[in-house]
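Subject: Structure handover

Hello,

Here is the structure for your files. Please open it alongside this note; the findings follow below.

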Amino acid sequence: MTTVLACCVMAGAVTGCAGGGTSEPPPAADQMLDEANATMRGLRSVTIDSVTRSTTGGDLSSRLTTDLKGTCAFELTSDTGARLDQIRIDGTDYVRPNRTYVEEWSRSVAGTGEQGFWARTPVSASREGDGLSQCTHPFASFGKVKKGRPTEIDGVAAMSLEVTDATSGAYTFYVATEGRPYLLKVVYKDAEMDTTTSFSAFDEPLDVHPPDQAKVLDLGGTG
């Protein structure tokens, strides 16, 4: 056995061999999270599903398909049966609340059938707290990060990253460890609620179109 071959057999996996290079150490937890967030911010499109459960009731679920800029389709539903649909495209919001959603906001609805019309308003009329999506998502690192355990999310190898922040609850971020370092899922928990947010359809073609114009009511003079 030659000297080089003996080196590789005895110590190659740990220390490398002369002329063969050494393996790089795995990235630190905070580096993994930073890379995942940077990858997500660079996407051209993504679908974001979220489920929030509360100890006081009023569970919510949502789906956002977006270019992370100004074009998206958004669905919000609650365990009461309330639902809000939104399409944002070309500087216009199309919004369709169902009857239960409108009634929960203490507004009357004419007739007895389901509310099927979309309201059209300019995006400039949107205000914080109105329930509409801004088509964006805050892919940002924060708090203290430490590695959890390797796992799989929908068949994709991932590493769990545990993040704590003194002003809120605990987060677990799941980052893909094969292929691009996508953020696959985030779980948030505190004493009153838990939220699971999942990410998919990375950079897939964005299929967002205005609704049938026959069912659109113009409330903002956008033409």
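Strands count as paired here if DSSP finds at least two bridges between them. Strands (E, at least two residues) and helices (H or I, at least four) are DSSP runs, numbered from the N terminus.

Before going on, the ground rules. This is a predicted model, in which local features need pLDDT of at least 70 and side-chain atom pairs count only at pLDDT 80 or more, while totals for chains, interfaces and linings use all residues. Residues are numbered from 1 along each chain as its sequence is written, and side-chain values use heavy atoms, with hydrogens and water left out.

Back to strand 9. Alanine 170 has lysine 189 in strand 10 as its bridge partner. The two strands form a hairpin with 6 residues between them. In that turn, glycine 179 has a positive phi of about 70 degrees. Strand 8 (residues 156-164) also pairs with strand 9, antiparallel, over 7 bridges. There, valine 163 stands opposite tyrosine 171 of strand 9.

Strand 9 spans residues 170-176 and is mostly covered, with 5 of its 7 residues buried. Buried means under 20% relative accessible area; exposed is over 50%, and partly exposed lies in between (1.4 Å probe, protein chains only).

**The disulfide**

A search of the whole structure finds 1 disulfide (cysteine sulfur atoms within 2.5 Å). Cysteine 72 and cysteine 135 form the bond, with their sulfur atoms 2.1 Å apart. It links distant parts of the chain: cysteine 72 is in strand 3 (residues 72-78), cysteine 135 in the loop between strand 6 (118-122) and strand 7 (144-153), 63 residues apart. The torsion about the S-S bond is about -65 degrees, so the disulfide is left-handed. Cysteine 72 counts as buried, at 0% relative accessibility. Cysteine 135 is buried too, with a relative accessible area of 0%.

**The cores**

The largest nonpolar core has 36 residues. Such a core is a set of buried Ala, Val, Leu, Ile, Met, Phe, Trp, Tyr and Cys residues joined through side-chain atoms within 4.5 Å. Met40, Val46, Leu161, Leu183, Phe199 and Phe202 have the most contacts inside it. Helix 2 (29-41) gives the most to this core, with 5 residues. A second, separate core of 6 residues includes Ile89, Tyr94, Trp118 and Val216.

Best wishes
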